[in-house]
Amino acid sequence: MRTRLDPEVLRGVARRAIAVFEQHGREADLADAWHLVGMAELMAGHGSAQLQALRRGREHAIASGDMRRQIDAWNEVGGAMLFGRTPVGEVLAFLDVAIL
C-alpha cells in the first residue's frame with residue numbers, strides 16, 4: 001500500500017539538508033536539495049514557491065559546474081514556467097539568458 005508523502009515533511013527534510021550543505025559549500029547537493037523543496041511546493045500546490053525554489057536550485061547547479069545538474073535544473077525551471085502562470089515575456093527572457 002502506498003502512502004502519500006506529506007509536502008511539509010519533504011520540505012522540512014530538504015531545508016535541514018540545505019543547512020548542512022551550505023555549511024560545507026556543497027553546491028551540487030544544494031541544487032538537489034532545492035529541487036526537493038520545489039517538489040514539496042508543487043505537491044502543496046504552491047506554484048510560485050516551486051518556481052522560486054527551482055530557480056535557487058539552478059543557481060547552485062550552475063555554481064557546481066556539473067553540466068548534468070545544470071541541464072536538469074534548466075528543464076525543471078523551464079517546465080515550471082511553461083506549465084505555471086509565468087508571463088510569456090518572462091519565459092522568453094529566461095530562455096534568452098539560459099540558452100546563451
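Predicted model: local features only at pLDDT ≥ 70, side-chain atom pairs only at ≥ 80, totals over all residues.
**A note on helices, salt bridges and one surface patch**

1. The side chain of Asp72 meets that of Arg68 in a salt bridge, with 2.8 Å from N to O. Both residues sit in helix α4, and because they are four residues apart there, about one helical turn separates them. Arg68 is partly exposed too, its relative accessible area being 48%.

2. How many salt bridges does the structure hold? There are seven.

3. Arg69 and Asp32 form a salt bridge whose closest N and O atoms are 2.8 Å apart. Arg69 belongs to helix α4 (residues 67-83) and Asp32 to helix α2, so this pair ties together parts that lie 37 residues apart in sequence. Are the two partners buried or exposed? Arg69 counts as buried, at 15% relative accessibility, while Asp32 is partly exposed, at 32%.

4. Arg26 forms a salt bridge with Asp29, and here the closest N and O atoms are 2.6 Å apart. Arg26 counts as partly exposed, with 45% relative accessibility. Asp29, in contrast, counts as buried, with a value of 16%; the reasoning is simple, because anything under 20% falls in the buried class.

5. Now to the helices. In general, two packed helices are described by the angle between their axes and the distance between the axes. For helix α2 (residues 27-44) and helix α3 (residues 47-64), the axes come within 7 Å and cross at roughly 170°. Which way do α2 and α3 run relative to each other, parallel or antiparallel? They are roughly antiparallel, because angles over 145 degrees are placed in that class. The crossing in which α2 passes α3 is left-handed.

6. For α1 and α2, the axes come within 9 Å and cross at roughly 160°. These two helices are therefore roughly antiparallel to each other. What is the handedness of the crossing as α1 passes α2? It is left-handed.

7. α3 and α4 pack at an angle of about 160°, and their axes are 9 Å apart. It follows that α3 and α4 are roughly antiparallel to each other. Their crossing is left-handed.

8. Which residues make the nonpolar surface patch of about 240 Å²? Leu5, Val9 and Val13 do. Val13 lies in helix α1, which covers residues 7-24. With a relative accessible area of 41%, Val13 is partly exposed, and it can count towards a patch because the cut-off for patch residues is over 30%.

Definitions and conventions. Residues numbered from 1 in each chain as written. Heavy atoms only, no water. Patch = residues over 30% accessible without salt bridge, like charges linked within 9 Å, V, L, I, M, F, W, Y side chains within 5 Å. Areas by Shrake-Rupley, 256 points an atom, 1.4 Å probe, with all protein chains shown as cover. Salt bridge = Lys/Arg side-chain N within 4 Å of Asp/Glu carboxyl O. Buried < 20%, exposed > 50% of the residue type's maximum accessible area, 1.4 Å probe, protein only. Axes fitted to C-alpha atoms, helices over the stretch in contact; angles between N-to-C directions. Parallel < 35°, antiparallel > 145°, perpendicular 65-115°, else oblique. Left-handed = near helix turned anticlockwise from the far one by under 90°.
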